[in-house]
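Dear colleague,

I am handing over the structure that we talked about, and I would be glad if you looked through it before reading my notes.

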Amino acid sequence: MQTLDVISVNIWQIVISLLNLLLMFLILKHFLFKPVKKMMDKRREELENQYKAAEDAESIAQKDRELWEIKLAHADAEADEIRSQAVTDAKYRSGKIIAEAKDKAGSIMRQAEVNAELEMQKAQAGIKDEIVSVSTALTEKMLGREINTDDHRGLIESFIGDLGDDYD
Amino acid sequence: MKTSKAFKALDIFYIVMMILPFAAGIVLKVLTSPASDDINITGALIYFTIHMPIQDLPITEAQVNSLLVVISVTFICLYLTHGLSVKAHLKRQVAAEWLIESASKLVNGSMGEYFNGFIPFISAILVLSALSSLSSLLGLYAPTSDINVVAGWAILVFILITYYRFKCGPLHYMKSFTEPIALMTPMNIISEIATPISMSFRHYGNILSGSVISVLIAAALQGLSSKILGWLPGFLGQFPFLRIGLPAILSLYFDVFSGVLQAYIFAMLTMSYVSSAFAADEYQMRRLRKEQKKLQKQVLANK
């Protein structure tokens, strides 16, 4: 079999080799670069989507947190208000109760005083009556005769009345 | 991740088809190469000749082997992209992505973002050139040691260079030869024409010289072996013991290193020539001017 010379230029061989390189380029482009690039782009897209989803979730969480913080701050203020309200309420009520109690106690005391006065007067009147009747009986016995009770009674009463008045 | 039987079968088919071209090439070589002990440094074997206008087309080893490389690379691509998924659970997908990323980095680094379309082309040059040169490791005739093969690539690169020079208009193309001074015009024209020639001869010469040196050293070692160890009886006297070792180490340089390096150099030169041929600023200005003219025309038409 024949061989070529070491250097032998052939136009057609050059053209074939040129087309070979072009063919190689097209093969690499279509069978290697295109599918792999497509897959890589797809992956990048997916990754970006995931990042976006994560960011969305984070922003939602952040918003929720802010909302709850505001609510919490409000709750503190509300609690303070309620407490102060309760304290003032309680103060007011206790004052009222004490005042009422004082009032009641005062009225009871007064009633008692009045009652005592009345009792005393009654007692004084009773004692006076007793003394009068006792002294009348005594004088009757002593004098041995009936006396005009009404006259004497008047006398003794005025006498005791003077005495009582002196003691008062 | 479990793979189905059909998936595995297709995988095996791809792997077989990757290796099969080279195996066929080796078989063809064994069947056709003449057995001779002489040193003969020749070009590729001619299988048959097709009659064509201008010049007959001999179908040689170089032609066949470069086509075998193309077929093998096609199936490598199909294997790498078989079973792609978003999660990248296959190792080959990681490898494919790494290859693409590094090719993109290489091209973007030396050409810029504008030439992103060149990434597959530069990869094609790298793969075709490197595998063609490395096919000599299998005992095949390296297609890159045939001037015609490399000249075809270089002419394609030259066409690209001229295309990008022409992008700013024929006037700019003419003017680019008179730079930096008008006196340099003939020099510039010569250097322009010399570009594909120098590219093809650099590549072809490196690979061919490597194989020539390998053959010469092997022959020399055989001669030395028969001189020194010729007194040994029978078969032992004829066996070239000295050829063991040194040619392997030299082959590591001339076939592996030189082949890969020349592929890299060819790709780098392509990138630098094409990107320097394209006057990006001038092109932008031109486009702006054209748009302005268009706008002016529209305004005039509206009036």
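A residue is called buried if 20 or more other C-beta atoms lie within 10 Å of its own. Please keep in mind that this is a predicted model. In strand S1 (residues 46-50) of chain B, the number of buried residues among the five is zero, so the strand lies largely in the open.

S1(B) is joined to S2(B) by four bridges, and the two strands run antiparallel; within this pairing, Phe48(B) has Ile59(B) of S2(B) as its bridge partner. Six residues lie between the strands of this hairpin, where Ile54(B) takes a positive phi near 65°.

Buried residues account for 31% of the 303 residues in chain B.

Finally, there is the interface, in which 45 residues of chain B are in contact with 37 residues of chain A. Among the elements that give two or more residues to this side of chain B are strand S2 (57-60) and helix H2 (61-80), and H2(B) provides the largest share, nine residues. Sorted by class, the side of chain B that touches chain A holds 32 nonpolar, twelve polar and one charged residues.

With best wishes

Terms used
Residues numbered from 1 in each chain as written. Chains lettered and ligands numbered in written order. Predicted model: local features only at pLDDT ≥ 70, side-chain atom pairs only at ≥ 80, totals over all residues. Contact = placed C-beta atoms within 7 Å. Nonpolar A, V, L, I, M, F, W, Y, C, P; charged D, E, K, R; others polar. Buried ≥ 20, exposed ≤ 12 C-beta atoms within 10 Å, placed from the backbone. Pairing = 2+ DSSP bridges.
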